[in-house]
Amino acid sequence: AGDVLSVTLYAGNNFDLKDKLKLKAGVMINNQVEQKQNNDDGDVRDSGGYTMLIGPQIGLAYDRVSLDVAFFAPAVQELGGVHQELDTGICTGSLSIEF
């Protein structure tokens, strides 16, 4: 709940390398929709908009531990107001442990 809705979609595959070691590869799409914000004077000029980021994701998993990295490049940037647009993209990483 809030001013921004962010939804990420992933499509990929796992490849068994050996024993419990797996390579994960895929594509991620992140969609972000921001509502127009209001203050006492009405709509905030520099708010609202839609952004879609897309890029490759790759990971390595061993048993219950997984390390993933992704790069998102801007595909759509329909920004409200004078937001700064992304020139190149965003790198992300995650470490997960199942227990």
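The protein exposes about 7,200 Å², and carbon and sulfur atoms supply 55% of that area. Accessible areas come from the Shrake-Rupley method with a 1.4 Å probe; for residues, only the protein chains shown count as cover. This is a predicted model, in which local features need pLDDT of at least 70, side-chain atom pairs count only at pLDDT 80 or more, and totals for chains, interfaces and linings use all residues. Residues are numbered from 1 along each chain as its sequence is written, and side-chain values use heavy atoms, with hydrogens and water left out.

Start with confidence. The score is pLDDT, the predictor's confidence in each residue, from 0 to 100. Its mean over the protein is 87, and 90% of the residues reach 70 or more. Strand E7 (residues 90-97) has the highest mean, 95. Strand E4 (residues 42-43) has the lowest, at 69.

Now the fold. The protein has 7 strands and 0 helices. Both are DSSP runs numbered from the N terminus: helices (H or I) need at least four residues, strands (E) at least two. Along the sequence the pattern reads β-β-β-β-β-β-β. Of the 99 residues, 19% are buried. Here buried means under 20% relative accessible area, exposed means over 50%, and partly exposed lies in between (1.4 Å probe, protein chains only).

Next, the largest pocket. Its volume is about 210 Å³. Strands E2 (21-34), E5 (49-62) and E6 (65-79) are the elements that give two or more residues to its lining. E5 gives the most, with 4 residues. The lining holds 15 residues, and Gln32, Glu34, Thr51, Leu79 and Leu86 lie nearest the pocket centre. By type, the lining divides into 7 nonpolar, 7 polar and 1 charged. Nonpolar covers Ala, Val, Leu, Ile, Met, Phe, Trp, Tyr, Cys and Pro; charged covers Asp, Glu, Lys and Arg; the others, Gly among them, are polar. A pocket is an open set of points on a 1 Å grid over the protein atoms alone, where a 1.4 Å probe fits, with protein on both sides within 12 Å along at least five of seven lines; lining residues have an atom within 4 Å of a point. Grid points are joined across faces, edges and corners, and the volume is the space filled by probe spheres set on them.

Thr51 counts as buried because its relative accessibility is 12%. Leaving out residues up to four places away in sequence, Thr51 touches Asn30, Asn31, Gln32, Val76, Gln77 and Leu79. Gly49 is also in E5. Gly49 counts as partly exposed, because its relative accessibility is 24%. With the sequence neighbours up to four places away again left out, Gly49 touches Gln32, Val33, Glu34, Glu78, Leu79 and Gly80. The C-alpha atoms of Gly49 and Val33 are separated by 6.0 Å, though the two residues are 16 apart along the chain.

Finish in the loops. Most residues other than glycine have a negative phi. Asp19 has a positive phi, near 40 degrees. Asp19 lies in the loop between strand E1 (4-18) and E2. With a relative accessible area of 77%, Asp19 is exposed. Asp63 also has a positive phi, near 55 degrees. The loop between E5 and E6 holds Asp63. Asp63 is partly exposed, at 47% relative accessible area.

How values were computed: Contact means heavy atoms within 4.5 Å.
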